[in-house]
Amino acid sequence: MAKYSDLAAATADGIVHHWPMDEASGTGVADVVGGWNAECFGDSFSGPELSPAEYDATVVATPGGLGRDMAVNWDGTSGDLEKIATLRLPQSELLPAFSAITVRIRYFHTSLVEDVNSSHSMSLFQLGQVNNYGVLISVESGQVFFAAGDLNSGSDFIPDPFEVGEWHDVVVAGDVNGTGLYVNGSLIYSLPGSGNFLIYNTASYTARSFFGASPDGEYYLLGTTVDGIFQDASIWDRKFTEQEITDLNSAGIAEPLITDTSPITYDAALDATLPIHAEFSVYVDPVVVSMDALFPIRFQAAAFQDWVSKLPPTQIQELYRLVLTGAPDGLDDLYIGGISSWQATNQAGSRSAYVQAVIPAADQYVDDIEARSNGELVIQKGYKLATGQVQFEEILRSAFDDARPDQGRSSLTLTVSGYMRGKPFSVGSRALTGIRSTSKPNGKRRVFCDIDLFLQPGMTVTALNDSFQADYINYYVNQTDKFCEVGER
């Protein structure tokens, strides 16, 4: 039977990427967990690129369903390769290196590459820049070169464990205590440990991650391709035990890793009193999503639960709203979803946090806002559920110090703002995503990037392989753009 019943079980066990390769045609190869979608990519040396029919022909039946045949378009003439196909992973978000990792593929070995095309070698996969903590398995002249983290097998080449006409479970599992290469549940080679495994493409190395090839000079696929079939591929953010690796080995039995790879759906009842009218301020790639539990809104929690990372792997609809708390005045909280823009500074300790939000058509809210003059301003970010409801969580808050009205011809615009001091510093670490720019004025690092719901001052952040403490976070959100500035002092 499969190791996981569905995606929820797989993600709970630490799986961060899974390519079931169950597409029936085309070039797209979806990562149903982490969204790092691959493409079946055709390259050519002197002949034409692959046609749509040839791309479709890479889809073949496997013991687990469907897979991708990287041999289907070879011309079969020695030393005269006209067309090749590989699975290329695109530029990814700039994430930190893994401290522990397990990579596993199911692969059918058709032949040695040099038997089909002389002077060519085989790269089963390369993830990231190898001399920058990536992972590589490459076969040449019947021997294997293995690199993982900051170490490699060097001149100590490994005898080729891949048998023609057989399926193989290939696993790389590593952490600071050691890294092993396993084939069909058996340890083939061990490397000393590494604390860094950077498998993603970076701004400097934009085309360094493949299944079935590795970069090779100007023609960065030629000469290092695979003559075989990929059934699926997976990556975990932890190191598997030897028993777990043995259990992964399916020995050619017809079973997928995950039984059900359909998007995760849940039956979660939200608080019926949660006001969600007029909920939006900014829309980004609107697609409905759902989640598996009720995650309560928390105030200045020292720890956090990253429930967003558990959402189904799809573009999602982001929402923002302003909440004016009513408890100090004996009233319910007031939820205002139609803010046209907001900006804020999130700081901790002796420095004050600051919130400012612009409320258009504010006539309907004036009396309610005045009645909550002792309340606090809270900025919340949310995600829309399949039911049409919205789950929000707090980004930051401040006191309610000021309300500035601006009367237009037909309506009133209200700008509310306030400060708050004494927020505790948070612990933990976050990877900054969607990085727009980095700089180091006066020796202090500063990054412009996407807004992270869970990032708080005091946390360690990583951007472009550089880590520092987030001393402040400035937010800028309006109807056309949204980003934040994260910096140190």
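This is a predicted model: local features need pLDDT of at least 70, side-chain atom pairs count only at pLDDT 80 or more; totals for chains, interfaces and linings use all residues.

Reply: Residues are numbered from 1 along each chain as its sequence is written, and side-chain values use heavy atoms, with hydrogens and water left out.

The protein has five helices and 34 strands, taken as DSSP runs numbered from the N terminus (helices H or I, at least four residues; strands E, at least two). Of its 489 residues, 52% are buried, that is, under 20% relative accessible area, with exposed meaning over 50% and partly exposed in between (1.4 Å probe, protein chains only).

Strand β6 spans residues 65–69 and contains R68. R68 is buried and has no salt bridge, a term that requires a side-chain nitrogen of Lys or Arg within 4 Å of a carboxyl oxygen of Asp or Glu. The nearest side chain of opposite charge is that of E23, 4.5 Å away; Lys and Arg count as positive and Asp and Glu as negative, with His and the chain ends not counted. The side chain of R68 does make a polar contact of 2.8 Å with that of T58. Such a contact is a pair of N or O atoms within 3.5 Å; within protein, one must be able to donate a hydrogen and the other to accept it, and residues adjacent in sequence count only if both atoms are side-chain atoms.
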